[in-house]
Amino acid sequence: MPFKRHVEIGRVALINYGKEYGKLVVIVDVVDQNRALVDAPDMVRVQMNFKRLSLTDIKIDIKRVPSKKTLIAAMQEADVQGRWEKSSWGRKLIVQKRRASLNDFDRFKLMLAKIKRGALIRQELAKLKKESAS
Amino acid sequence: MAPKSAKKVSRNPELIRGIGKYSRSRMYHKRGLWAIKAKNGGAFPRHAPAPKPSLPITKSPKFYPADDVKKPLLNKRNPRPTKLRSSISPGTVLIILAGRFKGKRVVFLKQLPSGLLLITGPFKIYGVPLRRVNQSYLIATSTKVDISVVNFEKFDDKYFAKKVEKKKKKGEGEFFEAEKEEKNVLPQEKKDDQKSVDTPLIKSIEGVPDLKTYLAARFSLKAGMKPHELVF
């Protein structure tokens, strides 16, 4: 089982520790064995330890240390944000955020909806059981 | 006195805080005090001191305490109602945390002058009457009910005060009838007040889908709920 996601210039990663937790960044250069230079459209370019990054499947086509404008253009072209939001990992994070921000009233409405859904499923199941039994 | 023309500027610039550039004698000259004195015949002009009001004749006290009596410290406390949390505003749904109605979700009406909060169930559907609760025993949710239709101006702390009953001396014969006196019946006026507050409130609650059932349900912590991470 070889590694599939490599640290390379253009690899999109998710920051998993620290103040910038949860941000998508692009690796624009490798500083040494442990650190990379990362950049994102809304942050200052900064060095980060690899341990703080979780590599994703997304890779964009850029040269070493591109200018901010070039980087933003390349990210738009590769549709990094769109691909991320469609990926199952990205979708999970979005759902997690939404669940965490639920109001007490929202949680109540959610509970009602779950009960309704369960009731419908059980109805259908009962129907199917009856048909298969007869 | 001539009115102050502008803000008085010092003629002695500050070198460092507390130290001016010019000495006392220089400043005397700069301010022109010599000229004012010359104009007024060698002395700085003074106006006559305000007449002292004549003090009433006090007699020396007849009694001096043997030891020094300590005076109690001055109390300048200005009592005011507790600061209302920014998350609580009229119409907010609150969760009661203690007491008979713990876990119940109620509607906040206003803060009374004593600092306590006036809330109502409303009573008809939820069994919580017009009641005073302390802020510390409430969680404020971010759900709000439209409360502008309700008129609750007349309620204040005196409305909720306990009625003081005259103590009756119990005679022999009254011992057996004592039970009848104990029962506290809520006066009809209070029931009418409750109704007048509740009916418009219930209408606005029914306007929002699911809000009625939401208020009917009690709040409880379930498995996996972390109160410090919950958004209310």
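A residue is buried below 20% relative accessible area, exposed over 50%, and partly exposed in between. Keep those cut-offs in mind for this tour of a predicted model.

**Stop 1**

Now move to chain A.

**Stop 1: a salt bridge across chain A**

Over all chains, the structure holds 15 salt bridges. Pick out one of them: A:K68 with A:D39. The closest N and O atoms are 2.7 Å apart. Which elements does this pair link? A:K68 belongs to helix 1 of chain A, residues 68-78. A:D39 belongs to strand 3 of chain A, residues 35-40.

Show the accessibility of each partner. A:K68 is partly exposed, at 28% relative accessible area. A:D39 is at 0%, so this aspartate counts as buried.

**Stop 2: a salt bridge between the chains**

Next, select A:D104 and B:R105. A:D104 lies in helix 4 of chain A, and B:R105 lies in strand 4 of chain B, residues 105-111, so this pair joins two chains. Their side chains form a salt bridge, N to O at 3.2 Å. Both A:D104 and B:R105 are buried. How many salt bridges does the rule find across the interface of chain A and chain B? It finds one.

Then colour helix 4 of chain A, residues 104-133. Six residues of this helix touch chain B, the largest share of that side of chain A. By class, the side of chain A that touches chain B has five nonpolar, two polar and three charged residues.

**Stop 3: the whole interface**

Zoom out and show both surfaces. Ten residues of chain A contact 17 residues of chain B. About 970 Å² is buried between the chains. Carbon and sulfur atoms give 58% of that area. Which residues of chain A lose the most area to chain B? They are A:D104, A:F105 and A:F108. Together they account for 54% of what the chain A side buries.

**Stop 4: aromatic pairs**

Display the aromatic rings. The count comes to six aromatic pairs over all chains. Two of the pairs are visited here.

Go to A:W84 and A:W89. The ring centres are 5.2 Å apart and the planes meet at 65 degrees, so this pair is edge-to-face.

Switch to B:F155 and B:Y159. Here the centres are 4.9 Å apart and the planes stand at 75 degrees, over the 60 that edge-to-face needs, so the pair is edge-to-face. B:F155 is buried, at 2% relative accessibility. B:Y159 is buried as well, with a relative accessible area of 15%.

**Stop 5: chain B as a whole**

Six helices and seven strands make up its secondary structure. Follow the chain along its sequence. The pattern reads β-β-α-α-β-β-β-α-β-β-α-α-α.

Colour chain B by burial. Of its 232 residues, 27% are buried. Where do the contacts come from? Among contacts in chain B with a separation of 6 or more, 59% are between residues 24 or more positions apart.

Conventions:
Residues numbered from 1 in each chain as written. Chains lettered and ligands numbered in written order. Predicted model: local features only at pLDDT ≥ 70, side-chain atom pairs only at ≥ 80, totals over all residues. Heavy atoms only, no water. Contact = heavy atoms within 4.5 Å. Buried area = accessible area lost by both parts, 1.4 Å probe. Salt bridge = Lys/Arg side-chain N within 4 Å of Asp/Glu carboxyl O. Helix = DSSP H or I, 4+ residues; strand = E, 2+ residues; numbered from the N terminus. Nonpolar A, V, L, I, M, F, W, Y, C, P; charged D, E, K, R; others polar. Phe/Tyr/Trp six-rings, centres within 6.5 Å; stacked < 30°, edge-to-face > 60°. Buried < 20%, exposed > 50% of the residue type's maximum accessible area, 1.4 Å probe, protein only.
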